[in-house]
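Keep the structure open as you read.

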Amino acid sequence: MNRSCNFSHVTNDYLAAFDCILSEMTDKMTHADLSDSISHNFITQMIPHHQGAIEMARNILKYTTNIALQNLALQIITGQTKSISDMRGILCRCDAVHNCKEDLCCYQTRTGKIMHTMFHEMKHACSTNCVNCNFIREMIPHHCGAIAMSENTLRYCICPELIPILDSIIRSQRQEVQMMRCILQRMECR
(Lines give C-alpha, C1' and ligand atoms only; values in the text may rest on other atoms or scores of the structure.)
Protein backbone atom coordinates (compact mmCIF):
# COMPACT_ATOMS: atom_id res chain seq x y z
CA MET A 1 0.00 0.00 0.00
CA ASN A 2 1.08 3.54 -0.62
CA ARG A 3 1.58 5.38 2.63
CA SER A 4 2.33 9.04 3.14
CA CYS A 5 5.88 9.89 4.13
CA ASN A 6 4.33 12.47 6.48
CA PHE A 7 3.00 9.82 8.86
CA SER A 8 4.48 9.53 12.33
CA HIS A 9 6.50 6.47 13.33
CA VAL A 10 3.56 5.34 15.48
CA THR A 11 1.14 5.62 12.55
CA ASN A 12 3.54 3.83 10.22
CA ASP A 13 3.96 0.99 12.75
CA TYR A 14 0.19 0.74 13.22
CA LEU A 15 -0.46 0.70 9.46
CA ALA A 16 2.31 -1.82 8.76
CA ALA A 17 0.76 -4.22 11.29
CA PHE A 18 -2.71 -3.62 9.81
CA ASP A 19 -1.41 -4.37 6.31
CA CYS A 20 -0.03 -7.72 7.54
CA ILE A 21 -3.28 -8.60 9.32
CA LEU A 22 -5.36 -7.74 6.25
CA SER A 23 -3.06 -9.68 3.93
CA GLU A 24 -3.21 -12.81 6.10
CA MET A 25 -6.98 -12.58 6.53
CA THR A 26 -7.50 -12.08 2.78
CA ASP A 27 -5.28 -15.05 1.95
CA LYS A 28 -6.94 -17.41 4.45
CA MET A 29 -10.47 -16.42 3.45
CA THR A 30 -9.73 -16.61 -0.26
CA HIS A 31 -8.00 -19.99 -0.01
CA ALA A 32 -10.33 -21.60 2.54
CA ASP A 33 -11.02 -25.31 2.02
CA LEU A 34 -14.54 -25.25 0.55
CA SER A 35 -16.92 -28.20 0.26
CA ASP A 36 -20.46 -28.94 -0.91
CA SER A 37 -21.81 -27.54 2.37
CA ILE A 38 -22.69 -23.85 2.61
CA SER A 39 -22.58 -24.17 6.40
CA HIS A 40 -19.03 -25.53 6.23
CA ASN A 41 -17.96 -22.89 3.73
CA PHE A 42 -19.31 -20.03 5.83
CA ILE A 43 -17.50 -21.28 8.92
CA THR A 44 -14.17 -21.91 7.19
CA GLN A 45 -14.22 -18.41 5.71
CA MET A 46 -15.61 -16.63 8.78
CA ILE A 47 -13.08 -18.02 11.26
CA PRO A 48 -10.12 -16.22 9.60
CA HIS A 49 -12.37 -13.17 9.21
CA HIS A 50 -12.98 -13.12 12.96
CA GLN A 51 -9.29 -13.81 13.65
CA GLY A 52 -8.49 -10.75 11.55
CA ALA A 53 -10.82 -8.61 13.69
CA ILE A 54 -9.21 -9.91 16.88
CA GLU A 55 -5.73 -9.05 15.58
CA MET A 56 -6.89 -5.62 14.39
CA ALA A 57 -8.35 -4.96 17.85
CA ARG A 58 -5.10 -6.07 19.52
CA ASN A 59 -3.20 -3.79 17.16
CA ILE A 60 -5.19 -0.67 18.08
CA LEU A 61 -4.90 -1.51 21.79
CA LYS A 62 -1.12 -1.02 21.48
CA TYR A 63 -1.61 2.58 20.36
CA THR A 64 -4.90 4.07 21.54
CA THR A 65 -5.57 5.97 24.75
CA ASN A 66 -9.23 6.51 23.79
CA ILE A 67 -11.28 4.70 26.43
CA ALA A 68 -14.34 4.13 24.22
CA LEU A 69 -12.12 2.61 21.54
CA GLN A 70 -10.28 0.46 24.10
CA ASN A 71 -13.63 -0.86 25.36
CA LEU A 72 -14.82 -1.52 21.81
CA ALA A 73 -11.58 -3.37 20.93
CA LEU A 74 -11.91 -5.55 24.03
CA GLN A 75 -15.57 -6.23 23.16
CA ILE A 76 -14.53 -7.29 19.63
CA ILE A 77 -11.85 -9.62 21.02
CA THR A 78 -14.25 -11.23 23.51
CA GLY A 79 -17.21 -11.53 21.13
CA GLN A 80 -15.32 -12.84 18.14
CA THR A 81 -13.24 -15.27 20.21
CA LYS A 82 -16.52 -16.76 21.50
CA SER A 83 -17.97 -16.85 17.97
CA ILE A 84 -14.90 -18.73 16.68
CA SER A 85 -15.25 -21.25 19.51
CA ASP A 86 -18.96 -21.67 18.77
CA MET A 87 -18.31 -22.21 15.05
CA ARG A 88 -15.53 -24.72 15.68
CA GLY A 89 -17.84 -26.57 18.06
CA ILE A 90 -20.47 -27.19 15.38
CA LEU A 91 -18.26 -27.55 12.29
CA CYS A 92 -18.34 -31.37 12.17
CA ARG A 93 -22.11 -31.47 12.41
CA CYS A 94 -22.49 -28.63 9.88
CA ASP A 95 -20.33 -30.56 7.40
CA ALA A 96 -23.18 -33.10 7.16
CA VAL A 97 -25.60 -30.53 5.68
CA HIS A 98 -24.99 -30.60 1.92
CA ASN A 99 -26.29 -28.22 -0.73
CA CYS A 100 -27.06 -28.58 -4.43
CA LYS A 101 -24.58 -27.26 -7.00
CA GLU A 102 -26.86 -24.40 -8.02
CA ASP A 103 -27.20 -23.11 -4.44
CA LEU A 104 -23.47 -23.55 -3.84
CA CYS A 105 -22.66 -21.57 -6.98
CA CYS A 106 -25.09 -18.75 -6.12
CA TYR A 107 -23.91 -18.65 -2.52
CA GLN A 108 -20.20 -18.60 -3.33
CA THR A 109 -20.59 -16.05 -6.14
CA ARG A 110 -22.35 -13.63 -3.77
CA THR A 111 -19.89 -14.36 -0.96
CA GLY A 112 -16.98 -13.72 -3.32
CA LYS A 113 -18.42 -10.32 -4.26
CA ILE A 114 -18.95 -9.41 -0.60
CA MET A 115 -15.39 -10.41 0.27
CA HIS A 116 -13.94 -8.52 -2.72
CA THR A 117 -15.78 -5.34 -1.70
CA MET A 118 -14.73 -5.73 1.94
CA PHE A 119 -11.06 -6.36 1.10
CA HIS A 120 -11.01 -3.38 -1.28
CA GLU A 121 -12.66 -1.00 1.21
CA MET A 122 -10.37 -2.08 4.03
CA LYS A 123 -7.23 -1.83 1.90
CA HIS A 124 -8.18 1.61 0.61
CA ALA A 125 -9.58 3.06 3.83
CA CYS A 126 -8.46 6.65 4.33
CA SER A 127 -5.30 6.74 6.46
CA THR A 128 -4.25 9.75 8.53
CA ASN A 129 -1.99 10.33 11.50
CA CYS A 130 -4.95 9.50 13.78
CA VAL A 131 -4.68 5.74 14.36
CA ASN A 132 -8.01 5.77 16.22
CA CYS A 133 -9.81 7.01 13.10
CA ASN A 134 -7.81 4.65 10.88
CA PHE A 135 -8.92 1.66 12.96
CA ILE A 136 -12.58 2.61 12.73
CA ARG A 137 -12.43 3.30 8.99
CA GLU A 138 -10.83 -0.14 8.52
CA MET A 139 -13.12 -2.01 10.91
CA ILE A 140 -16.46 -0.70 9.63
CA PRO A 141 -16.14 -2.40 6.21
CA HIS A 142 -14.81 -5.50 7.99
CA HIS A 143 -17.95 -5.71 10.13
CA CYS A 144 -20.22 -4.85 7.19
CA GLY A 145 -18.65 -7.77 5.32
CA ALA A 146 -19.48 -10.16 8.16
CA ILE A 147 -23.06 -8.90 8.28
CA ALA A 148 -23.51 -9.32 4.52
CA MET A 149 -21.90 -12.79 4.52
CA SER A 150 -24.18 -13.87 7.37
CA GLU A 151 -27.30 -12.51 5.69
CA ASN A 152 -26.33 -14.27 2.46
CA THR A 153 -25.87 -17.57 4.30
CA LEU A 154 -29.32 -17.32 5.91
CA ARG A 155 -30.88 -17.44 2.42
CA TYR A 156 -30.00 -21.13 2.04
CA CYS A 157 -30.63 -24.48 3.67
CA ILE A 158 -28.00 -24.59 6.41
CA CYS A 159 -27.18 -26.39 9.62
CA PRO A 160 -29.79 -25.34 12.24
CA GLU A 161 -27.01 -24.91 14.81
CA LEU A 162 -25.43 -22.20 12.64
CA ILE A 163 -28.53 -19.99 12.56
CA PRO A 164 -28.19 -18.51 16.09
CA ILE A 165 -24.50 -17.82 15.42
CA LEU A 166 -25.40 -15.94 12.24
CA ASP A 167 -28.11 -14.00 14.07
CA SER A 168 -25.59 -13.09 16.78
CA ILE A 169 -22.99 -11.93 14.24
CA ILE A 170 -25.56 -9.73 12.49
CA ARG A 171 -26.90 -8.25 15.74
CA SER A 172 -23.57 -7.65 17.50
CA GLN A 173 -21.72 -6.31 14.49
CA ARG A 174 -24.54 -3.93 13.57
CA GLN A 175 -24.36 -2.57 17.14
CA GLU A 176 -20.58 -2.25 16.92
CA VAL A 177 -20.75 -0.46 13.54
CA GLN A 178 -23.17 2.02 15.10
CA MET A 179 -20.80 2.48 18.06
CA MET A 180 -17.85 3.02 15.72
CA ARG A 181 -19.72 5.62 13.69
CA CYS A 182 -20.59 7.49 16.90
CA ILE A 183 -16.97 7.38 18.11
CA LEU A 184 -15.76 8.55 14.69
CA GLN A 185 -18.20 11.45 14.75
CA ARG A 186 -17.13 12.44 18.27
CA MET A 187 -13.49 12.42 17.15
CA GLU A 188 -14.51 14.48 14.10
CA CYS A 189 -12.62 12.13 11.78
CA ARG A 190 -14.36 11.67 8.49
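**Overall form**

A compact globule of 190 residues would have a radius of gyration near 16 Å, and the protein chain agrees with its 17 Å (taken over C-alpha atoms, with the globule rule being 2.2 Å times the number of residues to the power 0.38). Bear in mind that this is a predicted model: local features need pLDDT of at least 70, side-chain atom pairs count only at pLDDT 80 or more, and totals for chains, interfaces and linings use all residues. Residues are numbered from 1 along each chain as its sequence is written, and side-chain values use heavy atoms, leaving out hydrogens and water.

Along its principal axes, the C-alpha trace spans about 50 × 30 × 25 Å. The protein chain has six helices and zero strands, where helices are DSSP runs of H or I with at least four residues and strands are E runs of at least two, numbered from the N terminus.

Now for the inside. Of the 190 residues, 48% count as buried, meaning under 20% relative accessible area with a 1.4 Å probe, protein chains only. The largest nonpolar core holds 55 residues; such a core is a set of buried Ala, Val, Leu, Ile, Met, Phe, Trp, Tyr and Cys residues joined through side-chain atoms within 4.5 Å. Helices H1 (9–30), H2 (38–61), H3 (67–94), H4 (101–123), H5 (131–153) and H6 (163–186) each supply at least two residues of this core, with the largest share, ten residues, coming from H2.

Phe-42 is among the members that touch the most others. Leaving aside residues up to four places away in sequence, Phe-42 touches residues including Met-87, Tyr-107, Met-149 and Leu-166 (contact means heavy atoms within 4.5 Å).

Definitions and conventions. Buried means under 20% relative accessible area, exposed over 50%, partly exposed in between (1.4 Å probe, protein chains only).
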